[in-house]
Amino acid sequence: MPSPKFISVLNALATDWRATFRFSADVGSCFRLATDFALSRIISVVPREWRNRVRQIAFRGNIKVHYRLNKGDLHSIREIWFQEAYRLPFEVPRGVLLDLGANIGMTSVWLAKRYSFSKVIAVEPDPNNAALVRQNLETNDICGEVLEAAIGPKDATTRFEFSELSNLGKLSERGSLVPMISVASIIQKFAVPNFALAKIDIEGGEQGLLDGPAEWLAFTDAIIIEFHPTLVDYPRLIGLVSSNGFKYIPANSVFPENMDCFTKVKLTPTL
């Protein structure tokens, strides 16, 4: 009899395959992505050159996605496209999207296509990830700028620990030196009047960002953020953002699995 773990893996893979079939625009894309989800389960025996090769697939809605055979890349596709983790529980005014911790650009593309942001400014310290952000924005004709840096409370040099899983890199004293840029500098660099939405997923770096100068919050209409409670003072950060004129929308409070959000203006929750 198969073990419970083996059955669990098969069930998870079947879920990925069903979603792949539902979202893929053509047979080739469906086969490519379904195969990669299967290979990711045995990634240790897959030659490294196969893993690093960039794939392109097409999703319904005339959207093209570039990714690698990397569990992090595939998790991003699953979380953002299949599970719609960044679905917003409020109406968002059109304007500029600030993507902090852009990874390979999945969230930037999904949000830009779903909510028609006029421009994307994406910040990502991993150069290999940043290259894919550029490719994904350009391929989908999304007006965007990509900054190859970590986000933080000030302009400086910091240490970033790269991860084998492309979505788990983080600031760490054990990391390699990378440039750090502040949101204030981004506003100045691109003459941004305000951000319609700031998306934040920086693996615990939100503590330093939100503990730093808060002036940039005055230029931001709404925030969607993935907090990392084991790495940060979660309740204090919620209070800190709220104290800067934002209404807090807790995770799972509007529909199942909506992320933590903040809105500055009175926006009506939508189901």
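Which residue forms a salt bridge with D233? The notes below take up that pair and some other features.

1. Basis. This is a predicted model, in which local features need pLDDT of at least 70 and side-chain atom pairs count only at pLDDT 80 or more, while totals for chains, interfaces and linings use all residues. Residues are numbered from 1 along each chain as its sequence is written, and side-chain values use heavy atoms, with hydrogens and water left out.

2. The D233 pair. The partner of D233 is R236, with the closest N and O atoms 3.5 Å apart. A salt bridge here is a side-chain nitrogen of Lys or Arg within 4 Å of a carboxyl oxygen of Asp or Glu. D233 is partly exposed at 34% relative accessibility, and R236 is partly exposed at 38%. The classes are buried (under 20% relative accessible area), exposed (over 50%) and partly exposed (in between), with a 1.4 Å probe and protein chains only.

3. Salt bridges in the whole structure. The search finds 13 of them. One joins D16 and R78, whose closest N and O atoms are 2.9 Å apart. D16 lies in helix 1 and R78 in helix 4 (residues 71-82), so this pair ties together parts 62 residues apart in sequence. Helices (H or I, at least four residues) and strands (E, at least two) are DSSP runs, numbered from the N terminus. D16 is buried at 3% relative accessibility, and R78 is buried at 19%.

4. The E164 pair. E164 and R48 form a salt bridge of 3.2 Å, N to O. E164 is in the loop between strand 7 (156-161) and strand 8 (170-171), whereas R48 is in helix 3 (residues 48-52), 116 residues away. R48 is partly exposed, at 47% relative accessibility.

5. Nonpolar cores. A core is a set of buried Ala, Val, Leu, Ile, Met, Phe, Trp, Tyr and Cys residues joined through side-chain atoms within 4.5 Å. The largest has 51 residues, and F59, I77 and W81 have the most contacts inside it. Helix 5 (residues 106-115) gives the most to this core, with six residues. Neighbours within four places in sequence aside, I77 is in contact (heavy atoms within 4.5 Å) with L33, F59, V65, Y67, F82 and M106. Another core, of 32 residues, lies apart from the largest one and includes V96, L98, I186 and L210.
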